[in-house]
Amino acid sequence: TRAARASFPCESPAEKYRGCGQGCSRRRWAGWTLTFVVFVLIVFAEYAKLDELESYFSENEKVLRHKRFREGYDPIDRYHRMSLMIDILSGPKAFLKAGLVTEAELASVPLTLKRWALWPYRLADVCIIEIIVWEVWRRWCDIPIP
């Protein structure tokens, strides 16, 4: 009906998938900006906070073995070392039960450093879920987004 078309600026299917003019373009740029900010936070955490975080586990066998195996300063090496730290900090009970970390090591890490390590990756998870929901809503459900 005419009232339904007036609420959605995209009238033809071709226009719907190209974008709805300025409104959709702004939302798309907002999404890419959020993704870029999250990426910058992840890179900052890997390059500025990883060494400080590993210093709290300086006597831990698993961390030392991981650090020796991934000794370089390449981005992939830092990513894998940071992944171990995130695994330890986000699921400490499993590591404690297996005897891979101690309560003292976990308690020695300051809360602000834990936040710097975990939150960029949690925000990245939110961005991925947001992108999936957006695409499912836009393409599969055939719901025009104004």
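In this predicted model, a polar atom of the Asn60 side chain lies 2.9 Å from the backbone nitrogen of Lys62. The side chain of Asn60 also reaches the backbone nitrogen of Val63, at 3.3 Å. Asn60 itself sits in the loop between helix H3 (22-55) and helix H4 (61-69).

Is Asn60 buried or exposed? Its relative accessible area is 3%, and because buried means under 20%, Asn60 counts as buried. Apart from its neighbours within four places in sequence, Asn60 is in contact with Leu100, Val101 and Glu105.

Phe57 leads on to the largest nonpolar core, which has 23 residues. Phe57 is among the residues with the most contacts inside this core, together with Leu53, Met82, Met85 and Ile88. Helix H3, helix H5 (75-90) and helix H8 (111-140) each supply at least two residues of the core.

Helix H8 has 30 residues and spans 42 Å from its first C-alpha to its last, close to the 44 Å expected at 1.5 Å a residue. Where does H8 kink? A kink of about 30 degrees lies at Leu118, shortly before the proline Pro120. Both Leu118 and Pro120 are buried. Other buried residues of H8 include Leu113, Ala117, Tyr121, Ala124 and Cys127. An α-helix has 3.6 residues a turn, so residues three or four places apart point the same way.

Methods: Residues numbered from 1 in each chain as written. Predicted model: local features only at pLDDT ≥ 70, side-chain atom pairs only at ≥ 80, totals over all residues. Heavy atoms only, no water. Helix = DSSP H or I, 4+ residues; strand = E, 2+ residues; numbered from the N terminus. Buried < 20%, exposed > 50% of the residue type's maximum accessible area, 1.4 Å probe, protein only. Polar contact = N/O pair within 3.5 Å; in protein donor to acceptor, adjacent residues only side chain to side chain. Contact = heavy atoms within 4.5 Å. Core = buried A, V, L, I, M, F, W, Y, C linked by side-chain atoms within 4.5 Å. Expected span 1.5 Å × (residues − 1). Bend = angle between axes of the 7 residues up to and from the residue.
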